[in-house]
Structure formats: C-alpha cells, structure tokens
Amino acid sequence: MGTAGVRTDRLGLLLAQFDQARETAQVRLTGLSDAEYLWEPVDGCWSVRPREEAVTPRAYGPGAWVIDKGAPEIPAGEYAEVARQAAGGMSVAKIAEDWSVSVERVEEVLAHSGEPEPDVVPVTTIAWRLGHLHSGFAGQWEWSFGERRREPRLMVDFSPSADLALERFWAALDRWRESIGAVTEEQLDTVGFSQYPYGSDPDDPFVSVLFGANLELIHHMAEIAVLRDLWRARF
C-alpha cells in the first residue's frame, strides 16, 4: 500500500489501517470451503455447531447454530488489558462486571499481571474466529450507531456454510466502515460514544474503540491465515 494520498489525521489513519486489513483478509479467505471453515485441528476446539451439540456452557446465538463460549473467565491473553484498565482508573468492580467474573478473580489477575500468562486459551476453528469477529462488529455497530438496545449475542445467525458466513461478515464490516467514515473529531473524543456492553467501550473515547476494533480484526485474521496454512499442510 503506497502512502500517496493517505490521510494523516487520526481518523484517516485508522480508516486506512482498517481498509488494508479488510482487503488483505478478503484475499486471504478466497476459496474457503465448508470443510476447512469447520475443521477442528485438535480435540477440544471451540467452533460453531448445532445448538443441541454445544460443548461449552455459555454458547450463544439466536438460531439453530451457536458459537462456543466458556464459563465466565478472563482469558490469559487479556491480563495486560485488565491491568491497563485498572491503571486507567477503572474500578475492580467495574472490570469484574465487564468480564462477568468475581471481584476476587480480577484482584487475582491484577496480582499476577506481570507474570507469564498461563496457557488457558482454547484452540478455535476458522468458523469460531469469523463468528467472534462478526458478533463483535455487529454488536459495536448497534451500540455505537444503532438503537443501542439489541443484545449483541443475538444479532448474528451463525451458519455452517462458509460462503454464507463470509457474505454476512463482509456486509457487517462494510456497514461498520460506512458509519465510522462519517465520525467527527468531537465524536472521536467522546467517552462512551460506544455503549457496547461487553468490554470497556462505555469508559473509553471512541478513537480508542476504533483502534481496538482494528487490532481485533488484524489479529484474528492473522490467526485464520495460520489455520489455512495448517489445513493445506495437514496431509
């Protein structure tokens, strides 16, 4: 991607980063089959699956297929984020509420935030990562630009079809991109412009929410790319 004509204001840089990530992702996901989309490389994977076959206690979704979600916990990869939230002034009680865990659990995480992170993150399928991203972007759009009332975990109808899942996912990303493209400087600095209920959005300026959404897209798409490489090399 060249630098000619690239905006250098805050929103311009975030939009350029998002656009590049989306373009790369769409190219990388070309040719995704249903078998690869649902492939579980190891036992105990999280995925999307029929409701009656859900293997996790908080699997969610509005339809016949749901996405796996485990018992309330702070993932090891988020310990640094919890420490950042606390350092930024968020109360332990608020952090516990956001993560649906006890105050004692947050205090335990904070006490060990500088230590190596335990390996407790499950391996997830491409279907899970796409569904997780779709659910997040759909929910953040609703609670930033929509009516701010719909339950995010009931907004995405998960599917076993890779083509259908991708069609719906790209549409959700495009709606998000159209809306953030019109955000004003004042809105960028507005704390709580996004009221997305799962996370720190209500306590953050919207520019931080956009930055975090870009990182979420980039890191999950990188993980999907690795899974695609492993799929090709599995035999």
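This is a predicted model: local features need pLDDT of at least 70, side-chain atom pairs count only at pLDDT 80 or more; totals for chains, interfaces and linings use all residues.
Residues are numbered from 1 along each chain as its sequence is written. Local features need pLDDT of at least 70, side-chain atom pairs count only at pLDDT 80 or more, totals for chains, interfaces and linings use all residues, and side-chain values use heavy atoms, with hydrogens and water left out.

Two packed helices are described by the angle between their axes and the distance between the axes. Axes are lines fitted to C-alpha atoms, for helices over the stretch in contact, and angles run from 0 to 180 degrees between N-to-C directions. Helices (H or I, at least four residues) and strands (E, at least two) are DSSP runs, numbered from the N terminus.

Helix α1 (residues 10-28) packs against helix α9 (residues 206-232) at an angle of about 20°. Their axes are 10 Å apart. The angle therefore makes α1 roughly parallel to α9 (under 35 degrees; over 145 is roughly antiparallel, 65 to 115 roughly perpendicular and the rest oblique). The crossing of α1 and α9 is left-handed, meaning that the near helix is turned anticlockwise from the far one by less than a right angle; clockwise would be right-handed. Contact means heavy atoms within 4.5 Å. On α1, the contacting residues include Leu11, Leu14, Phe18 and Ala21. On α9, they include Leu210, Phe211, Leu217 and Met221. By class, the contact of α1 with α9 has 12 nonpolar, 2 polar and 6 charged residues. Ala, Val, Leu, Ile, Met, Phe, Trp, Tyr, Cys and Pro count as nonpolar, Asp, Glu, Lys and Arg as charged, and the others, Gly among them, as polar.

Helices α3 and α5 (residues 103-111) pack at an angle of about 100°, with their axes 9 Å apart. Helix α3 is thus roughly perpendicular to α5. Tyr79, Val82, Ala83 and Ala86 of α3 meet Arg105, Val106, Val109 and Leu110 of α5. This contact of α3 with α5 holds 7 nonpolar residues, no polar ones and 1 charged.

Helix α3 (residues 79-87) also contains glutamine 85. At 5% relative accessibility, glutamine 85 is buried (under 20% relative accessible area; exposed is over 50%, partly exposed in between; 1.4 Å probe, protein chains only). Beyond its neighbours within four places in sequence, glutamine 85 contacts Met90, Ile95, Trp99 and Ser200.

The structure holds 12 aromatic pairs. Rings of Phe, Tyr and Trp (its six-membered ring) pair if their centres lie within 6.5 Å; planes under 30 degrees apart count as stacked, over 60 as edge-to-face and the rest as tilted. Tryptophan 39 and tryptophan 231 form an edge-to-face pair, 5.5 Å centre to centre, with 70° between the planes. Tryptophan 39 lies in the loop between α2 (34-37) and β1 (48-50) and tryptophan 231 in helix α9, so this pair ties together parts 192 residues apart in sequence. Tryptophan 231 is buried, at 15% relative accessibility. Phenylalanine 145 and phenylalanine 206 are also paired edge-to-face, at 5.9 Å and 80°. Phenylalanine 145 is partly exposed, at 25%. Phenylalanine 206 is buried, at 0%. Ring pairs link Phe18, Phe137, Phe145, Trp176, Phe193 and Phe206 into a cluster.

Strand β1 contains proline 50. Proline 50 is buried, at 12% relative accessibility. Its C-alpha atom is separated by 8.9 Å from that of isoleucine 67, 17 residues apart along the chain. Leaving aside neighbours within four places in sequence, proline 50 contacts Ala64, Trp65 and Val66.
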